[in-house]
Amino acid sequence: MTGRLDQIDGHLLDNYQRDFPLVPRPFAQLGQDLGLTEAEVIARLTALQARGQISRVGATVRPNTAGASTLAAMAVPEGRIEEGAELVNAEAGVNHSYLRENAWNLWFVATAADADALAAQLARLRAVTGLDILDLRLMRAFNIDLGFALQGPRAQMAPRPAPDMMALRPEDRPILQALSSGLPLVPQPYLRLAQKLGRTEADIIHRIRTLRAAEILTRVGVIVRHRAVGWTSNAMVVWDVPPPQIEAACLSLAALSGIILC
């Protein structure tokens, strides 16, 4: 566990990366669990967000359910890395970007409403950078969670069932967008979202529950920036696996406690 968090903030981030309360006053429920007032919980989360230690309180959407996405990379010359990163990050659909070792050094996750919009986004980036893009589309998700314990043993991840796409409705898309951007840190965040969308609080909570149960939302909770809280070492690893062995290899990898993407 990093020393950058006090004990209460540590519990707040460790315990609520998943299963965030889907009740009218979720921060009050967190406060009851932690011995804090609702206002104290909101103040702590606001401070953690201001320090860059959390990106939001919201949800992660399973890739290629409500839209299209890809893992992409560019081979950016050393003298153009900052320029390249700025151009990539200027695209609204890019939600992760990072510098890694290897000739393909600038990696990012690009998202869009559909496959055509995603292709157009990558074409724009090729045009403005003058660089080729390695476009690695997801074929099957074995484990996409992006959360892990900050202290104590890390639990093994159980294989996730396939998403139930019949549960997704067109009117759910504004909810998914809001959860991807982050809930407002106010006493009744679902009510605030409902008012913005012209719906009821009960309807918003019900739809989030339904989307989580359908595996369209992989988790609802506090989205932690792990490097900002002290986790500074990670690696992206790839193997060239013979096709008959792919499923067995990926299921074994996805079950390991340190693997957050497979």
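Trainee: In the hairpin of strand 3 and strand 4, which residue takes a positive phi?

Mentor: In this predicted model, Asn102 takes a positive phi near 105°. The hairpin has six residues between its strands.

Trainee: In which sense do strand 3 and strand 4 pair, and over how many bridges?

Mentor: Strand 3, residues 94-99, and strand 4, residues 106-112, are antiparallel and share five bridges.

Trainee: Let us turn to a helix. How far does helix 8 reach from its first C-alpha to its last?

Mentor: The general idea is to compare the span with the one expected at 1.5 Å a residue. Helix 8 runs over residues 201-213, and its 13 residues reach 19 Å, close to the expected 18 Å. Just after helix 8, Glu215 has a positive phi of about 70°.

Trainee: Which residues of helix 8 are buried, and which are exposed on the other side?

Mentor: The cut-off for a buried residue is under 20% relative accessible area, and for an exposed one over 50%. In helix 8, Glu201, Ile204, Ile205, Arg207, Ile208 and Leu211 are buried. These residues lie on the same side of helix 8 because they cover an arc of only 165° around the axis. Ala202 and Ala213, on the other side, are exposed.

Trainee: Against which elements do the buried residues of helix 8 pack?

Mentor: They pack against helix 6 (173-181), helix 7 (189-197) and strand 6 (217-224). Take Ile208 as a case: leaving aside neighbours within four places in sequence, Ile208 is in contact with Leu22, Ile175, Leu179, Tyr190, Leu217 and Val220.

Trainee: How many aromatic pairs does a search of the whole structure find?

Mentor: The search finds one. Planes over 60 degrees apart count as edge-to-face. The ring planes of Phe20 and Phe27 stand at 65°, with centres 5.7 Å apart, so this pair is edge-to-face.

Trainee: Are Phe20 and Phe27 buried or exposed?

Mentor: Both Phe20 and Phe27 are buried.

Note on methods: Residues numbered from 1 in each chain as written. Predicted model: local features only at pLDDT ≥ 70, side-chain atom pairs only at ≥ 80, totals over all residues. Heavy atoms only, no water. Phe/Tyr/Trp six-rings, centres within 6.5 Å; stacked < 30°, edge-to-face > 60°. Buried < 20%, exposed > 50% of the residue type's maximum accessible area, 1.4 Å probe, protein only. Helix = DSSP H or I, 4+ residues; strand = E, 2+ residues; numbered from the N terminus. Expected span 1.5 Å × (residues − 1). Arc of directions from axis to C-beta. Contact = heavy atoms within 4.5 Å. Pairing = 2+ DSSP bridges.
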